[in-house]
Amino acid sequence: MIELLQNGAWLVNGTQVIEDNTEAPARLAEAACPAVPSKEEARKGTIAYGILEAHNTADNMDKLKIRFDKLTSHDITYVGIIQTARASGLEKFPMPYVLTNCHNSLCAVGGTINEDDHMFGLTCAKKYGGIYVPPHQAVIHQFAREMLACGGAMILGSDSHTRYGALGTMAMGEGGPELVKQLLNQTYDINMPGIIGVYLTGSPIPGVGPQDVALAIIGKVFKNGYVNNKVMEFVGPGVASLSADFRIGIDVMTTETTCLSSIWKTDETIREFYEIHGREADYKELAPQPVAYYDGMIMIDLSEIRPMIAMPFHPSNTYTIEEMNANLADVLHDCEEKAKISLDGQVDFTLQDKVHNGRLYVEQGIIAGCAGGGFENLCAAADILKGRSIGPDEFTLSVYPASTPIFMELVKNGAAADLMAAGAIVKTAFCGPCFGAGDTPSNNSLSIRHSTRNFPNREGSKLQNGQIASVALMDARSIAATAANKGYLTPATDLDVEIKGRKYYFDSSIYANRVFDSKGVADPSVEIKFGPNIKDWPAMSPLPEHMILKVVSEIHDPVTTTDELIPSGETSSYRSNPLGLAEFTLSRKDPAYVGRAKEVREAQKAIEAGKCPVEALGELKEVFQAIHSQFEEVDNTNVGIGSTIFAVKPGDGSAREQAASCQKVLGGWANIANEYATKRYRSNLINWGMLPFLIPEGELPFANGDYIFIPDVKKAVASKATEFTAYKAENGTLKEFTLHMGELTDDEREIILKGCLINYNRR
C-alpha cells in the first residue's frame, strides 16, 4: 500500500522513480536521461526548491530568510499577534493579512470576551489595512483556499493546518511570533529543509476518501520521523486521478506527519478550481524539472488504500477498518494500554463496552472543519445517507460545511436536505469540533470524526473533572456509512451506493456582502476597540548572567502535545489575556504546575524589585549555599530565577504560541527535552525568550522539584555554545551535568538574550 524508500531518489520526467543506490547510474542511463545533473543541481529541480528560492531574501540557499506573500490568522491567535506587533511599532500590515473568526465563533464562554476580540479584529483590519471574515462565514483554511491561495506563492498562518499545497501554494503554520516578524518586515529563518517526494500511482476505489489516504500516510511516517520538518512534494501519475477537493483533503492532514510544509504538482484540475472561484489568473502550472532529486520518496498506490480509522489518542494510531473489525478485542485492548500512558491513570478508560453483539458501536459522528467540511465530502455523505436514517438511539451526526458558499451550494443542490432528512444536524462553519469547543460527547462516549486530531481531551472532556471521551478519525464516507448503520462501525466500501459527484458553483457575492476587505489601504484614524479581557503582555526580563531553574513538571509520555501544554476548548476564549490564560497551563496534565511555577516567579519578582529572593522562597537558601560552594560571585545582582519543565518530546500538534508564552508569563525560562516534536514549538520557546535545552535520552540527572544552576548562561548563549555546564543543587553540593542546545540563528540568540521577541524589537 505504502512504501518508504530508504535512500534518496531521482524522479525522471515525472514518471520514473530511481532509488539512489549502486544501481542508480545504470538505471538513469536506461531512462534515456539527458546529461544527469549532480544531486545538488537535481535538488533544485523540485517544485519546493523553486518556490523557496523565489521567496528567499538571503544570499544563499542553505540559510533561508523567507518573506511570505500573505498571512492568515483566526480569533484564537490574531489578538496576541497584533498586540505584540503593536508593542513593537506596527503602523500598517505590509502584506495581505486575513483575520478569520472560526474558533471562538459561538461566543458561549466568558460573557462578551469573544465578541470583544472580534471587534478588535475588525477595527484592526480597518486601521492597519487587513481583511476581516466575520464568524460563521468560513473556517480559516477554507477561506484561504477560496480567496487567498495562488500558484507559486507562500502563505504563513498562525494555525498548524495552514496547508494549501494542493493549490500550488507552499503554506506553513507557525506560532504567532513568526507572523509578528513578517508584520515588522523581518524574515522567517530556517535551514534549507529536506524535500520528500510522495509518488502517487493508481486511483482510489469507490468508498475511499482523502482522509483514508491521509491516515495511511500518517500511520506510516509519524513514528519514524520520515518527513519531520521536511517538505512533502506530491508528484506522479496518480495525482491526476484526484479531484481538487480530494487533494486538499490529503494535503491539510500532512500537518499530522510533522512535516514543515507541502506542495503538489498542479494541472488542469487545479486550474479549474481557480476558475470556479473567479481567480483563474492565480493559477500556475507547477511540476518538477525533467530530472529532480528528493531526499526520500514515499511510494503510494492509491488503488490499494482501504477505509482507515485512527483510534484514540493520536492520528498515527491507524488501522484499516477491515482490520479493526476483524481483530476488535485485540485492537481495543491495545488502545486501552496506550491510553494508560496518555491519561496517566487519572480516569478509568475502556473501549470494550463499545462492542455490541461483536460489532463496534459509536455514539457520535462529526464531519467538520478544514479537513472534513469540504463540498465533495459532504455531498458523498449525503449520497450515502439519502433515503436512510441514523436512528433514534444514542448515535448522533453533525456536519459543518467549511464555508458559507459551500453551505449555500449544498442547500441549492439538495445535499443538505438529504443529510437533514437522515437525521443529521447541519451547522455553520466552525472549528469547534476539532479542538473541543463544540459537540463534546457524553462521558465514556466514542466519537468518529472527519477532523484533524484526536489527542486526549481535545474533544472537550476534562480529566480534572473525572471525565473522559475519545475520538477516532475517519473519512466522511465511512462516517456516513456508519451513520447509515445507526452507529455500528462500517467502511463505506461495504455499502452498495453510487456516489454521484455533484458540480460545485461558487457564489462570490456571499463574501462580497459580508467580508471587510481594506484592499490593503490602512486608515490610521480608526480607533481600535479593546474589550476588558484584552490585556497587554507583561514585562519580561532579559536573560541574566547566571540562572537558577526549578523543575516544576516532569512528563514522561512519548509525546506531549500542545493541547496538554495549554488546553484547547473553552480556555481559547481567554487567549487575549496572557495572565488569565496562563492559569490553565498544563491543567489537564499536571494540575499542580501553575502553583509551583508561581512560587518560583515570586523569587524572580523579588530580584527585580531589588529584594532578597530567599525571603520570597525560603527553600532557595540551601540552593544558594550549594552554589556558593563553587561560585561565590553569584548574588541577587547577576542571577535570575525561573522554572522549567522536562518532557520527553514536547510540542506535537497546534502552532499555538501560548503553549510557550503561558510558561513564560508564569516565570518559565527554559524547557528541557530529549527532542522537540516540531520546529514550530521550539520556535515558540525561542521567540518567548525560553531556552530550548536538550538532554540525551536515558539521562535524567534531576527530578521534579529539583533546582538546576547554570553559570554564565548569558555568555554561553552569546558565544554560540552548543553545550552548557549545569549543576543540580542538592544537600549543599553541586552535581555537574551537561545540557545541549541545537542550532540557533544570530537573531534567535539575540531574542533569547533580550528576553523575548517583544524586547528584541524594542531595541
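How many cavities of 30 Å³ or more does the count come to?

1. The count comes to 6. A cavity is a set of points, on a 1 Å grid over the protein atoms alone, where a 1.4 Å probe fits but cannot get out. Points are joined across faces, edges and corners, and a volume is the space filled by probe spheres set on them.

2. This is a predicted model; local features need pLDDT of at least 70, side-chain atom pairs count only at pLDDT 80 or more, and totals for chains, interfaces and linings use all residues. Residues are numbered from 1 along each chain as its sequence is written, and side-chain values use heavy atoms, without hydrogens and water.

3. The largest cavity holds about 260 Å³ of space. Its lining (residues with an atom within 4 Å of a point) has 28 residues. His-74, His-103, Asp-159, Arg-458 and Ser-654 lie nearest the centre.

4. The largest pocket holds about 660 Å³. A pocket is an open set with protein on both sides within 12 Å along at least five of seven lines. Its lining has 27 residues. Nearest its centre lie Ile-190, Asn-191, Lys-679, Arg-682 and Glu-743.

5. The second largest pocket has a volume of about 430 Å³. It is lined by 18 residues. Phe-313, His-314, Ser-342, Pro-558 and Val-559 lie nearest its centre. Helix α12 (residues 328–342) gives the most to this lining, with 3 residues.

Definitions and conventions
Helix = DSSP H or I, 4+ residues; strand = E, 2+ residues; numbered from the N terminus.
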